[in-house]
Amino acid sequence: MLKLLSPSSPAASPFLRALGSVTGLTRRNPNLARRAFLCSDAKNGNGAVEIEFRGIGNEAEAESKSSSSSAIIPTNVDPEDYVKVLALPLPHRPLFPGFYMPIYVKDPKLLDALQESRNRQVPYAGAFLVKDEPGTDLSMSGAETKIHDLKGKELFDRLHEIGTLAQISSIQGDRVVLIGHRRLRITEMVDGDPMTVKVDHLEDKSYDKDDDVIKETSSQVISTLGEVLKISAHWRDHAQTYNQHINDFNCTRIADFGAAISGADKLQCQKVLEELDVHERLKLTLELVKKEMEISSIQASLMKKMEEKMLAEQRRNMLNEQLKAIKKELGLEADDRTALCEKFRERLEPKREKCPPNVLQVIEEELSKMQLLDASSSEFNVTRIYLDWLISLPWENYSDENFDVLRAQKVLDEDHYGLTEVKERILEFIAVGKLRGMSEGKIICLAGPPGVGKTSIGRSIARALNRNFFRFSVGGLTDVAEIKGHRRTYIGAMPGKMVQCLKTVGTANPLVLIDEIDKVGRGHAGDPASALLELLDPEQNSNFLDHYLDVPLDLSKVLFVCTANVVHWIPTPLLDRMEVVSIAGYITDEKIHIAREYLEKITRKACGIKPEQVEVTDAALLELIENYCREAGVRNLQQHIERIYRKIALQLVRQGAANEMAVGDQIQSLSDEPTGVEGDKHVVDSKVPRVTGNIPKTKATKTVEKVLVDSSSLSDFVGKPVFHAEHIYEQTPVGVVMGLAWTAMGGCPLYIETTQVEEGLGKGALQVTGQLGDVMRESARIAHTVARSILLGKEPDNTFFADSKLHLHIPAGAIPKDGPSAGCTMITSMLSLAMKKPIKKDLAMTGEVTLTGRILPIGGVKEKTIAATRGGVKTIIFPSANKRDFEELTPNVKEGLDVHFVDDYSQIFNLAFGDHEN
């Protein structure tokens, strides 16, 4: 057994005492809880020594006490007798002689073999580090499990050749504690399951203990370890073991000790284990501990900075708390709750006179409650936010409205062309307000196709009335809380859109634009359309109740303007509360005017182009509208104009760059030209002035060529035409009639074609195609019956409908179609085929027909009129009930049209099949 001496012992070497003074540590330090197993060289089997240190949380000590057998190697056993040992794979670090290592053995066979060896008083095995598989990292989770799955030759090939003879100290479950003794080299595999190998016991190469180089290297290792011990708390756990063992000073143990307790990579540690030259091993260890010292120095520096920062923050917080306590004691400053309540009262004071009594009562109650709440509680924050919303609202704070009708007319005309009906309605609202001296809120719904200016006109109305403007969209809205607000009991509760609107604008009479009201959704969180009923009802919104505020709001002075594309999609109860103003769309003349007066100016300014740099002809603009932008609105027209001007901007920049390059080349050629040439070459007059830096501006640098956009060059800017002529036929054939349809994008011509499929006695039938809806299919069947009745009255001997199978088609087949207004057109198409007589040229019709031949009114008169004009139609047939709708149209829409109003289909028959030239 080895005799261990304390550094304070008189028998201790001066070297040991120096180390003890450097580290300042003794084995009696109660804070050190460590146990190291240090074996002797055991060349003759003379055993090992166990060093044990007691302290707080000494798990290793508990393990040793719980073990049934001693961890000390028996002195009567020679480890060199073990030439065949079990091979234990180590996944993370190699085991060095003199140190213990706990490992987990997952293989049941290997675990049983270890237990059996220990029971037979041969508690030895070989511990070998496992090589990393290419592309894997054993430090990752799951890698150790893969090692335990290795068997036989595959495991043997993955083991490092050099390992350590290890004593099996204890086995608890699958946890095995090993103690390293000496180095081993694998020679061959004996058995693969469990892994058993033959080994050679390795000895260190002989060295001279008195060699100055080895002494100096050892001293460097020891002094470096001492420096690390001063700054690294982690390494201090190993210091007691180091001090105990230094009495029996051994260079090999110093080298192994430094490598074992360092944080070096496992391959670097394996390299130290494989090195049998003591001097080389000391140098490798010195390199590792030097790196460890640098890392420890950096860590200590970072820890020191963090501690200093934390101490400074703690000191600052402590001083702030002391300052608050002193100020509060002297009455110089109130606490946070009192100060916050005072701020709320200061904000409330200017609004107190206008604030309703019931709201004032709620505010006072909440302020009193907040005084009693802890500032760190969640309810305190909820109350604070609630008070902030209540006090921020503009209670009875109205903006001064402008009732000047002429100014309002001017403002509306500046922003929008046309839209006479909308402007007239706003002027009526202003006139009523001027006569009454006050204005009430209204709910107006602007309905029309996309791009006609529904949203933008809302902002113009607000400017004309001198009201604040707020817009929010309800398209796709599925949560009632967006309108009515959340209950305050919910985390993250917020008021509804109207409360947010009033807080944002700061007045109680803004103009609120509710966009896309026909696209309100419905989900699991309720029906927002039903929640809008209270908001948009003049009889209810004077006491609108938001769930978050829980106090009534007066919204009777708010002017609501809603927008929709399709009125039929708006729920009937909600539609009943609104005044619908239809915006049908723009005809070609209106689009040209809008493009000239509005769109071109805005686009030119946005692109940085001057008016004199570009010219777009009227012919080009007309072709752009008719062949590219036939929509009812002008949004697509604006996009095409922007596209034209962007290309013009690029052309101007390129042209300017080319001119600058040409001028530069001209200057360069002038500067290179000689003043005189000798010999036969012509002589240049010496009086010609030399080129200087002040070059006079040429015509190329002053002006850029104007860009002209006409109908011939339009396709270069916007590509090929999208639309073609509405007339599919130059001469309308038999069985074909043009109808007029309404769509969300405006009106459009709609051809109805009928042809005979099969003829035979009693084979009369009708087949319809073209993605027709249920209503249109019913209209087709009614039209077939009415046409058969009319033909029987006109030509009693004609059995065409009784003996013919007809096919009625409405192109284009990819577009769904439905509606009742195509009845008269279908009858005319069938009669044309039956009588083999085409209808008049440039004739279009629309109207619903009953079984008795009566013509019922239809909708979308303006859209259909615009579609007829755009399609080159000269004669239109409308139901008599729509005469008033047609007369309300502007003259430019009705110009050039011959319109007939009919009550019975007999009138249409005379107009379509009367005497005319085909």
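This is a predicted model: local features need pLDDT of at least 70, side-chain atom pairs count only at pLDDT 80 or more; totals for chains, interfaces and linings use all residues.

Mentor: Let us start with helix 12 (residues 357-372): its 16 residues reach 23 Å from the first C-alpha to the last, close to the 22 Å expected at 1.5 Å a residue.

Trainee: Which residues of helix 12 are buried?

Mentor: V359, L360, V362, I363, E366, L367 and M370 are the buried ones.

Trainee: What puts them on the same side of helix 12?

Mentor: They cover an arc of only 160° around the axis, so they lie on the same side of helix 12. In general, an α-helix has 3.6 residues a turn, so residues three or four places apart point the same way. On the other side of helix 12, P357 and L372 are exposed.

Trainee: And what covers the buried residues of helix 12?

Mentor: Helix 11 (336-348) and helix 13 (378-392) are included in that cover.

Trainee: Why is T217 called buried?

Mentor: The cut-off for buried is under 20% relative accessible area. T217 has 9%, so T217 is buried. T217 sits in helix 6 (residues 212-231). Neighbours within four places in sequence aside, T217 contacts H279, L282 and K283.

Trainee: Why does S117 count as buried?

Mentor: S117 has a relative accessibility of 10%, and therefore counts as buried by the under 20% cut-off. S117 belongs to helix 3 (residues 108-119). Setting aside neighbours within four places in sequence, S117 is in contact with L86, V122 and P123.

Trainee: Let me try the cysteines. C501 is at 0% relative accessibility, so C501 counts as buried, and C629, with a relative accessible area of 1%, is buried. How many disulfides are found in the whole structure?

Mentor: The search finds 0. To be counted, a pair of cysteine sulfur atoms has to be within 2.5 Å.

Trainee: Now the sheet: in what order do its 5 strands run?

Mentor: The order is 10-11-14-9-15, in an open sheet with parallel pairing.

Trainee: What makes strand 10 (469-473) and strand 15 (579-582) edge strands?

Mentor: Each has a single partner strand, so one side of each is left without a neighbour in the sheet. Direction ignored, neighbouring strands of this sheet are turned by 20° against each other on average.

Trainee: How do you know that strand 10 and strand 11 (residues 511-515) pair?

Mentor: Pairing requires at least two bridges, and these strands have 5 bridges, in the parallel sense. Within that pairing, F469 stands opposite L511 in strand 11.

How values were computed. Residues are numbered from 1 along each chain as its sequence is written. Side-chain values use heavy atoms; hydrogens and water are left out. Helices (H or I, at least four residues) and strands (E, at least two) are DSSP runs, numbered from the N terminus. Buried means under 20% relative accessible area, exposed over 50%, partly exposed in between (1.4 Å probe, protein chains only). Contact means heavy atoms within 4.5 Å. Axes are lines fitted to C-alpha atoms, for helices over the stretch in contact, and angles run from 0 to 180 degrees between N-to-C directions. The expected span of a helix is 1.5 Å times one less than its number of residues. The arc is that of the directions from the helix axis to the C-beta atoms.
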